[in-house]
Amino acid sequence: MAPTAHGASGKVGGNVSYPTWQAWQKPLAQPAGARAVLVINLSERPQDISVSFKSLGVAQGRRVAATDAWTGAPAPSAVGAHGLSLAGVASHDSVFLVLES
C-alpha cells in the first residue's frame with residue numbers, strides 16, 4: 001500500500017483506513033416529512049449495506065415507504081424494521097431513495 005497525502009498540511013502519512021460505504025440524507029420540503037437518502041458503496045466489491053432509521057433522522061416506530069429517486073418506482077425491499085437494508089449494492093454504485101414516514 002502506497003502512502004497517501006491527506007489533510008490540509010499535505011503530509012504523507014502511513015496506511016489510512018477509509019470507509020467502505022457512505023450514507024447521505026437531506027430533509028425534503030415536499031412531501032412533508034420526506035427525506036432524500038443516497039447510499040454509496042465505496043468498496044471494490046459488492047456489499048450488503050444497512051443504515052438505521054435513527055442515523056437518517058427518521059423517527060422510530062413510524063411506517064416508512066421508500067421510492068427510487070430516479071425511476072419513481074416503489075422500493076419496499078429496501079425498508080426493514082429498523083432501517084434500510086440494501087442487498088448486493090454493486091462496487092462503486094449507489095442507491096438513491098426518497099423516504100416518507
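Start by selecting β1 and β2: they pair in the antiparallel sense over seven bridges. Pairing here takes at least two DSSP bridges between two strands, and strands are DSSP runs of E with at least two residues, numbered from the N terminus (helices would be H or I runs of at least four). Zoom in on W21 and you'll find N41 of β2 standing opposite.

A word on what you're looking at: this is a predicted model, where local features need pLDDT of at least 70 and side-chain atom pairs count only at pLDDT 80 or more, while totals for chains, interfaces and linings use all residues. Numbering runs from 1 along each chain as its sequence is written, and side-chain values use heavy atoms, with hydrogens and water left out.

Now widen the selection to the open sheet of four strands, in the order β1-β2-β6-β4 with antiparallel pairing. Its edges are β1 (21-27) and β4 (65-68), each of which pairs on one side only. Look along the sheet: the twist averages 25 degrees from one strand to the next, using axes fitted as lines to C-alpha atoms and angles from 0 to 180 degrees between N-to-C directions. Zoom out to the whole protein and you'll count six strands and zero helices.

Next, show side chains for L56, L84, L97 and L99. These have the most contacts inside the largest nonpolar core, which has 16 residues. Such a core is a set of buried Ala, Val, Leu, Ile, Met, Phe, Trp, Tyr and Cys residues joined through side-chain atoms within 4.5 Å; buried means under 20% relative accessible area, exposed over 50%, and partly exposed in between (1.4 Å probe, protein chains only). At least two core residues come from each of β2 (35-41), β3 (47-52), β5 (83-89) and β6 (94-100), and β5 gives the most, with three.

Stay on L56. Which residues is L56 in contact with, leaving aside its neighbours within four places in sequence? Highlight Q25, R35, V37, V51, L84 and L99, where contact means heavy atoms within 4.5 Å.

Last stop: H82, in the loop between β4 and β5. Is H82 buried or exposed? With a relative accessible area of 59%, H82 is exposed. Beyond its neighbours within four places in sequence, H82 still touches S52, F53 and Q60. Draw a C-alpha to C-alpha distance from H82 to V58 as well: they are 24 residues apart in sequence and 9.8 Å apart in space.
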